[in-house]
Amino acid sequence: MYQQLKDLKQADRIEKIARTLVGVKSVNGTTGEVDMADKLVEILRSYPWFQKHPDLVWTQDLKGDALGRKNVFAFLESAEPTAKTVIYHGHMDTVGIDDFGALEPHALDPDDLLNYFRDYDKDPDVQKDAASGDWLFGRGMLDMKSGDAVHLSNLLYYTEHREKLKGNLLVMFNPVEENDHEGVMEAVDELIRLKEEKQLDYVLAINGDFVSPLYKGDPNRYVYTGSAGKLLGCFYIRGRETHVGETLSGIDPTLIASKINEALNNNMDVAERIPGEVVLPPSCLYLRDQKAFYNVQTAGTTRLYFNCFLYERTPQAVLDQLKQTAEQACTDLARFLEKQYQDFSSNCGLKGPLPDWQTEVLTYSEFAAEVAAKGTDVEKIIAETIAEHPTEDFRINSYKIIEALESAAGDKRPKVIVFFAPPYCPHNYLRKEIPGEARCDRLLDRILSKASEETGEPFAKKRFFPYLADSSYLSMSETAEETDRIIGNFPGWGRPYKLPLEKIRALNIPVLDIGVYGKRAHTWMERVYKPYSYNVVPKLIRSVTEGILSAK
């Protein structure tokens with residue numbers, strides 16, 4: 001591909017690469033991710049520098065991956081020997097293209113989409129953008145193949161101007177970002193191997209993932225100095241089934257689920273409070289009872305889970321909040337049912353004791369300890385459950401483990417079990433008390449101020465990248481004690497899902513997100529703004545790179 005790039009200006013190079021990458025359908029969970037890795041390797045090995053040094057472009061297979069997915073690496077050594085190394089990283093997978101509907105055959109064709117949106121009068125904003133000629137469309141054009149193209153272009157630039165690079169540059173592309181982040185988690189081993197073998201000092205990692213306006217008319221170009229974390233907060237709810245003819249004597253788990261959902265879902269009252277930051281409340285990602293077919297019996301169990309962002313608070317604080325929410329929901333339901341039963345009894349003249357509507361709330365670790373105390377081999381049941389469902393979704397297997405333990409213990413009491421399931425994304429941010437991180441923060445302030453004067457762009461610096469990113473796995477703010485306290489609440493932790501927590505702490509790389517700018521990521525109107533993304537962003541990244549590598 002180098003022959004198509006060598007005579008182009010920077011912005012044209014990036015656009016050419018971005019169009020090429022978008023043309024590869026690399027939907028998460030398909031062999032397209034392998035095709036994307038192969039295309040990246042092909043592009044990298046076309047560069048003259050890597051034709052002379054082919055061993056400096058390589059891949060790392062994901063262990064046991066049924067699709068054969070792999071990470072892609074390229075390493076450019078400094079002309080003057082030094083340990084200082086900057087990492088550029090991005091992901092190679094996209095979400096699906098089903099949302100394009102009738103336009104699905106054109107989802108990877110920026111020109112066809114541009115022509116379509118020029119005539120699309122149902123959305124004036126997208127029509128205006130298309131008419132301007134400053135925007136490129138297509139699945140992955142924003143998230144995140146334009147960012148990958150910026151990294152590839154900057155790498156090519158430094159192979160042509162090695163004198164400007166006062167350190168080493170490691171470029172890394174990872175699959176499986178759009179759901180479980182397995183690519184970057186595997187890459188942690190490779191980063192540690194390189195660190196030890198080449199005696200590298202990773203001074204900064206720059207992600208090129210996208211940024212977007214945060215509200216209509218938002219003029220800002222955001223740069224993020226860390227990543228929001230994420231826990232999947234889960235509830236297993238066992239009620240007490242009953243015939244609908246005796247509905248008030250039972251405990252309907254869907255009612256408990258509804259109360260938990262109402263208390264947490266999109267409720268800013270339970271969100272963290274950090275002035276000036278984009279702090280989001282929990283979001284319900286799954287809510288289903290477990291009735292397999294229609295009958296007139298109320299549901300026996302219900303499952304639900306929430307995306308819970310982590311910014312400054314600890315994982316334990318999230319667990320405590322979830323448990324307290326479940327306890328309140330169960331208390332409220334008992335009071336509600338008591339009142340309804342009294343009205344019902346009064347109406348029809350029934351007499352007798354009230355049913356028991358008490359529902360216990362436990363964390364998974366508390367539940368597992370109870371089961372073990374009854375003589376059940378918890379570890380054996382976990383292993384057998386996972387072996388019976390080797391290809392099952394991580395989250396569903398977590399519920400199956402709880403059900404298997406419940407069955408083994410003969411425990412049918414009404415209860416709510418609160419636990420966590422994958423993925424777990426650690427949170428990180430630049431800390432003033434860590435000299436290397438504080439130095440990155442000060443350098444960024446100076447560079448953004450200068451870039452704003454030169455370009456007129458209104459930059460805004462935020463601490464937490466709000467969209468969840470692979471950067472979470474290069475550094476973490478949680479201490480070992482904090483993570484140890486919650487790992488026991490992941491059913492089946494380590495079989496097979498686990499995080500290389502100690503290795504992430506060993507890396508402890510300051511992370512920035514300096515991303516391309518666009519709108520409507522993960523929708524059929526996804527588009528990138530070329531003037532900023534292809535002209536300003538690459539220079540900004542190079543300024544930060546050269547600044548941090550030149551710093552004493």
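The lining of the second largest cavity comprises 8 nonpolar, no polar and 2 charged residues; Ala, Val, Leu, Ile, Met, Phe, Trp, Tyr, Cys and Pro count as nonpolar, Asp, Glu, Lys and Arg as charged, and the others, Gly among them, as polar. Among the residues of this lining are Val270, Glu272, Phe309 and Arg313. The model is a predicted one, in which local features need pLDDT of at least 70 and side-chain atom pairs count only at pLDDT 80 or more, whereas totals for chains, interfaces and linings use all residues. Residues are numbered from 1 along each chain as its sequence is written, and side-chain values use heavy atoms, with hydrogens and water left out.

The structure holds 2 cavities of 30 Å³ or more. A cavity is a set of points on a 1 Å grid over the protein atoms alone where a 1.4 Å probe fits but cannot get out, and lining residues have an atom within 4 Å of a point.

| Cavity | Volume | Lining by class |
|---|---|---|
| Largest | about 40 Å³ | 6 nonpolar, 4 polar, 2 charged |

The lining of the largest cavity includes Thr225, Arg431, Glu437 and Met476.

Elsewhere, Arg395 lies in helix α13 (residues 394-409), helices being DSSP runs of H or I with at least four residues.

Notes:
Helix = DSSP H or I, 4+ residues; strand = E, 2+ residues; numbered from the N terminus. 1 Å grid on protein atoms, 1.4 Å probe; cavity = no way out; pocket = protein on both sides within 12 Å on 5 of 7 lines; lining within 4 Å. Points joined across faces, edges and corners; volume = space filled by probe spheres on them.
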